Amino acid sequence: MIISMRLHATREEIDQVCDRIREFGYKVHSIEGEERVVIGAVGVGDVTACLESLEALPGVEKAVRISAPYKFVSREFHPARTQIRVNGHEIGGDRFMVMAGPCSVESETQIMETAKAVAEAGADMLRGGAFKPRTSPYDFQGLEVEGLRLLRKAKEATGLSIITEVMSDGDVDLVSEYADVLQIGARNMQNFSLLKALGRSTRPILLKRGMSSTIKELLMSAEYIVAHGNPNVILCERGIRTFETETRNTCDITAVAVLHELTHLPVVVDPSHATGKRSLVPALARAAVAIGADGLLVEVHPCPEKAISDGAQSLRLPQFRQMMQDLGPYFKLWKEARLAETPAAV
Ligand code: PEP
Ligand code: MN
């Protein structure tokens with residue numbers, strides 16, 4: 001069960017609800033936002049009687065039974081889409097969000113040139129890894145703090161918001177000083193101590209689907225972050241491992257529609273890691289817009305042949321510009337479809 005308290009409910013009202021939940025034999029899990037408190041009741045007991053009793057208490061806005069194993073992120077709990085504000089832009093609202101940039105931040109010239117080009121082409125956010133999760137310990141591990149500093153410089157020059165990966169709970173505070181959105185890579189989707197630390201962060205989180213993870217596991221990981229206090233989670237489909245070898249991963253494009261049914265959180269698609277081939281990126285990007293994703297995370301590099309990581313799947317700067325132009329009519333249709341939705345019933 002989830003109990004949403006009214007705006008500015010008093011301490012006494014909140015405590016009374018928690019006591020009542022315990023009397024019915026449930027454990028209390030509360031999330032205290034600045035304005036609103038949401039309380040989860042977890043365990044086994046007489047749900048119907050408990051709900052009735054809670055709804056009658058002062059300060060309670062609604063008390064609902066959630067049948068899914070993920071509670072706070074489920075659409076049953078929150079039927080309207082969650083909109084996440086990032087420096088004046090809202091993801092999950094009526095604007096399609098494009099995040100673009102290199103796999104890794106490599107040098108000042110590389111990141112500046114890319115940032116300017118993607119900003120001019122219409123991107124909203126600059127991506128670039130400073131801490132890189134690499135399969136081999138001998139591969140480039142990222143410029144780390146120097147990479148973060150370069151991202152900040154690029155933000156100052158272009159006004160683009162920054163999204164970059166954080167790999168360990170010990171780095172959350174450091175990366176948060178530079179990033180507007182914290183990216184959690186596929187390999188860390190089930191790093192539970194990291195997820196708990198992200199729950200304590202005030203930055204929005206982009207959580208990538210693990211390469212062998214089910215949709216339910218992705219949602220359970222998002223639930224960790226929300227249950228630990230951070231409601232601002234964006235989900236990302238970046239392809240999963242299958243028997244197919246023509247592409248680096250297999251994009252589970254259906255996951256976007258499935259997730260939109262199951263959760264109120266925004267969902268973006270990463271067509272770069274999903275395909276591993278730059279020639280396939282624009283087609284998959286069109287599919288992402290057409291299926292109603294909330295945004296794209298795309299790899300772009302000024303000279304992919306020289307990229308330290310993921311050159312084969314990185315668009316060249318003119319290719320990114322062209323892709324954005326070609327997506328224009330799709331963005332228009334996307335927006336019309338969003339605006340036509342009935343506010344809380346999608
Ligand atoms: C990346 O975005 O560069 C990355 C490492 O992605 P993933 O975690 O999806 O492999
Ligand atoms: Mn990459």
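His8 lies in the loop between strand S1 (2–5) and H1, where helices (H or I, at least four residues) and strands (E, at least two) are DSSP runs numbered from the N terminus. The model is a predicted one, in which local features need pLDDT of at least 70 and side-chain atom pairs count only at pLDDT 80 or more, whereas totals for chains, interfaces and linings use all residues. Residues are numbered from 1 along each chain as its sequence is written, chains are lettered from A and ligands numbered from 1 in the order in which they are written, and side-chain values use heavy atoms, with hydrogens and water left out.

Although His8 is not a glycine, its phi is positive, at about 55°. Most residues other than glycine have a negative phi. His8 is exposed, with a relative accessible area of 55%; buried denotes under 20% relative accessible area, exposed over 50%, and partly exposed the range in between (1.4 Å probe, protein chains only). A positive phi of about 55° is also found at Asp310, likewise not a glycine, in the loop between S14 and H11.

An automatic or database domain assignment provides the domain bounds: domain 1 covers 2–64 and domain 2 covers 84–340. The C-alpha centres of the two domains are 36 Å apart.

Strand S11 (residues 205–208) pairs in the parallel sense with S10 (residues 181–184) over three bridges and with S12 (residues 233–237) over four bridges; two strands are taken to pair if DSSP finds at least two bridges between them. Leu207 of S11 is the bridge partner of Ile184, while Lys208 stands opposite Cys236 in S12. The chain crosses from S11 to S12 through helix H7 (residues 215–227) in a right-handed β-α-β crossover. S10, helix H6 (residues 192–199) and S11 likewise make a right-handed β-α-β unit. A crossover is right-handed if, with the strands pointing away from the viewer, the path from the first strand over the helix to the second runs clockwise.

Within S11, Ile205 and Leu207 point one way and Leu206 and Lys208 the other, and all are buried. In a regular strand the side chains alternate between the two faces of the sheet. In H6, the buried residues include Leu194, Leu195, Ala197 and Leu198. Helix H5 (172–178), S10, S11 and H7 are among the elements that cover the buried residues of H6, contact being defined as heavy atoms within 4.5 Å.

The structure holds 22 salt bridges, each a side-chain nitrogen of Lys or Arg within 4 Å of a carboxyl oxygen of Asp or Glu. Arg22 and Asp19 form one of these, at 3.5 Å from N to O. Both residues lie in helix H1 (residues 11–23), three residues apart, about one turn of the helix. Arg22 is partly exposed at 47% relative accessible area, as is Asp19 at 42%.

Asp310 forms a salt bridge with Arg248, with the closest N and O atoms 3.0 Å apart. This pair links distant parts of the chain, 62 residues apart: Asp310 is in the loop between strand S14 (295–299) and helix H11 (317–340), and Arg248 in the loop between S12 and helix H8 (254–262). Arg248 is partly exposed, at 38% relative accessibility.

A further salt bridge joins Arg338 and Asp294 (2.7 Å, N to O). Arg338 in helix H11 and Asp294, in the loop between helix H10 (281–290) and S14, are 44 residues apart. Both Arg338 and Asp294 are buried. Salt bridges that share partners join Arg81, Asp294, Arg338 and Glu341 into one network.
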